[in-house]
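Reader: I would like a close look at a single part of this structure, followed by an account of how other parts are put together. Please take it one step at a time.

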Amino acid sequence: MKYEQFPDNRGHFGPYGGRFVAETLMEPLRLLEQAYEQFKADPKFQQQLDYDLKHYVGRPSPLYFAERMTRAWGGARIWLKREDLNHTGAHKVNNTVGQALLAKHLGKTRIIAETGAGQHGVASATIAARLGLKCVVYMGADDVERQSPNVYRMKLLGATVVPVTSGTRTLKDALNEAMRDWVTNVDDTFYVIGTAAGPHPYPMLVRDFNSVVGRELLWQSREQIGRLPDALVACVGGGSNAIGMFHPFIEHDGVRMIGVEAGGDGIETGRHAAPLSAGKPGVLHGNRTYIMADENGQIQGTHSISAGLDYPGVGPEHSWLKDLGRVEYTAINDDEALAAFHECSRIEGIIPALEPAHALAYAKKLAPTMSADQNIVINLSGRGDKDIFTVARVEGITLT
Amino acid sequence: MSRIASCLAAVKSQGRKALIPYITAGDPHPRDTVSLMRALVDGGADIIELGVPFSDPMADGPVIQLACERALVHGTSLRQILGMVREFRESDTKTPIVLMGYLNPIEHIGVAAFADEARSSGVDGVLIVDLAIEEAADFSSPLRAAGIDLIFLLAPTSPPERIQAVAAQASGYLYYVSVKGVTGSSKLDVSDVETKLQQIRRYTDLPLAVGFGIRDAESAALVARVADGVIVGSALVTEIDKHQAQPEVLPGLLREKLGAMRQAMDNEGRLS
């Protein structure tokens, strides 16, 4: 099978993906798909994108050998793909730079975005400021509270942050509200979706823009390791950082890939955000994918210490890769992620975001099962400055 | 001919326009729904759209979002709703019932099982908001085999080729979404609606019902001038919201509110 040919022309990854939205959005989505196909084939667009990624985002991001971590964990050598060093501090900006160019090309004057941890909101507000576009960010009211530094950053960048109080007051509800805004203002508004989910063409678009991570890693690992890594590990909420790193490696059968979901209090407690580990296929937010739903098909509330992973669905390509067995999916609990957050900070001098702390925690289990001449690359998808208040609160420390 | 088709044919032959109210099943409480449905019939409903509540109603404005939340607090499930339709059918075998909702709760039961149970409960049509024709193949055949009409939406953004393709898949009636936006929106422009309906009529003989943004008797009458049917949802659900603590007054209120629309639409018909 040629993975590169997916999604098919109806936006399907096997049985997943597709376009499950109300009629009003069907034509705008078709036009977006068409514009993207033109853009992809246009060398001028690619040049502009490359320029922005290099000079504005600061790419390529380093592939860093974590020597002390390697020694501490024993077994395989640990490498970190440093997406935390991007402008705005996470991988999210790779995607917003691309989508904002599309928005400009389509003549839109206003962009909207949903955000969980606030990283995608910040990345959207940033690019809107740079391109002179109006920006409205929808954020679950609970997330507004637990990610206040990012809320303030968005405001500094000139964006309007709208707290969403419906439903479970988290990322899924922010996405609902952004969709409602889009359907109402579709003439002048571009919806910058932040994760590799949503209706076609978004999962493809977000994957393609984030694939710069995996493409860099291909040449960096040949250059620095001398060959391709043995295993790639990335956290999966909606799954944009993971699919960005995995996608260019899918055809390389020798490379193991592991996606790490948020286990929350533990899969067995039901308080988690791990649809691939414990959910089943359904339809949410415009695509068919693994979701967390109750016995009546209602979407369930999720739990994770990490706002960016606190989502009951996942990008459709991950669902497909799971069924095909090409990518393994597992879960890491809150307490294990927290421990990895501290360990990475202390051992390597890098404060990771709580999202990739899940990937770090899994790699810690994986490394000792491998030999010293093998290599694991972890996508360090964001930095942890935004999380210091959350971590302090969990540990009973008051910051002023 | 399906119950929907014969109902709409009769309405047409009487020189009237169809009045199609929407309420969310289970709102404010599952025990109220059947009596509210009967009140709608008394108020002049030709067809009833019964909403299936969903946790993530992406196409709905705040009024129906809250209705979904109220219904879900009481655990309203799709199977329970089929039970409500069955109970309604004990005293009314004439008024067509259309279930309106989102795909996931239906898919959870399984489309074949759902089609069977819906038919035996007395459901006549199904409108799945987030199911466009491109993804509908697996649903249309079991529903069609069960004699259930699959109602599709058309929107201001639907270009001619889509209108044609949607019309070819639809039966019962077509639901024209009058504005770009969510349910309960207030931007309704009747002349825009009229222009688009004329365009749609070039491709289909199906009755065209118009919904989203019809708030009162006046706007119902205006839309009735250009459409075959008028769908009213948020305006009724707002009443349910306001009086949720006194469900005993709701049947009377809905009957009255809908009755005023009925009268305005029928007067409009006589004038034109």
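Which residues of strand β8 (residues 208–211) of chain B lie on one side and which on the other, and are they buried or exposed?

Author: The model is a predicted one. In strand β8 of chain B, B:Leu208 and B:Val210 are on one side, while B:Ala209 and B:Gly211 are on the other. These residues are all buried, so both faces of the strand are covered. In a regular strand the side chains alternate between the two faces of the sheet. β8(B) pairs with strand β7 (residues 174–177) of chain B; the two run in the parallel sense and are joined by 4 bridges. Within this pair, B:Leu174 is the residue opposite B:Leu208.

Strands of a sheet pair through backbone hydrogen bonds, either parallel or antiparallel. Strand β6 (residues 134–140) of chain A runs parallel to β7(A), and 5 bridges join the two. At one of these places A:Val136 has A:Thr160 of β7(A) as its bridge partner.

A UniProt record, an unreviewed entry, lists residues 58–382 of chain A as "domain: Tryptophan synthase beta chain-like PALP". This span is 41% helix and 22% strand, and its end C-alpha atoms are 14 Å apart. The unreviewed entry in UniProt also lists A:Lys92, as "modified residue: N6-(pyridoxal phosphate)lysine". A:Lys92 is part of helix α4 (residues 92–105) of chain A. With a relative accessibility of 17%, A:Lys92 counts as buried, because the cut-off is under 20%. If neighbours within four places in sequence are left aside, A:Lys92 has contacts with A:Gln119, A:His120, A:Ala123, A:Gly194, A:Thr195 and A:Ser240.

Next come the charged pairs. Side chains of opposite charge can pair when their charged atoms come close. Over all chains, the whole structure holds 40 salt bridges. One of them is between A:Arg256 and A:Glu328, whose closest N and O atoms are 2.8 Å apart. This pair links distant parts of the chain, with A:Arg256 in strand β10 (residues 256–266) of chain A and A:Glu328 in strand β14 (residues 328–333) of chain A, 72 residues apart. A:Arg256 is partly exposed, at 33% relative accessibility, and A:Glu328 is partly exposed at 31%.

In chain B, B:Arg262 forms a salt bridge with B:Asp46, and the closest N and O atoms are 2.8 Å apart. B:Arg262 is in helix α12 (residues 250–271) of chain B, and B:Asp46 is in the loop between α2 (33–42) and β2 (48–51) of chain B, so the pair ties together parts 216 residues apart in sequence. Both B:Arg262 and B:Asp46 are buried.

B:Arg162 and B:Glu134 form another salt bridge in chain B, with 2.5 Å between the closest N and O atoms. Here B:Arg162 lies in helix α8 (residues 160–169) of chain B and B:Glu134 in the loop between β4 (125–128) and α7 (137–145) of chain B, so the parts tied together are 28 residues apart in sequence. B:Arg162 is buried, at a relative accessible area of 10%, whereas B:Glu134 is partly exposed at 35%. In chain A, salt bridges that share partners make one network of A:Arg59, A:Lys81, A:Glu83 and A:Glu216.

Cysteines are the last topic. The count of disulfides over all chains is 0. For A:Cys235, the closest cysteine sulfur is in A:Cys344, at 13 Å, which is too far for a bond because a disulfide needs the sulfur atoms within 2.5 Å. A:Cys235 is buried, at 1% relative accessibility. In chain B, B:Cys7 is also buried, with a relative accessible area of 14%.

How values were computed: Residues are numbered from 1 along each chain as its sequence is written. Chains are lettered from A and ligands numbered from 1 in the order in which they are written. This is a predicted model: local features need pLDDT of at least 70, side-chain atom pairs count only at pLDDT 80 or more; totals for chains, interfaces and linings use all residues. Side-chain values use heavy atoms; hydrogens and water are left out. Buried means under 20% relative accessible area, exposed over 50%, partly exposed in between (1.4 Å probe, protein chains only). Two strands pair if DSSP finds at least two bridges between them. UniProt positions are given in the numbering used here, feature names are shortened, and annotations may be inferred rather than shown by experiment. A salt bridge is a side-chain nitrogen of Lys or Arg within 4 Å of a carboxyl oxygen of Asp or Glu. Contact means heavy atoms within 4.5 Å.
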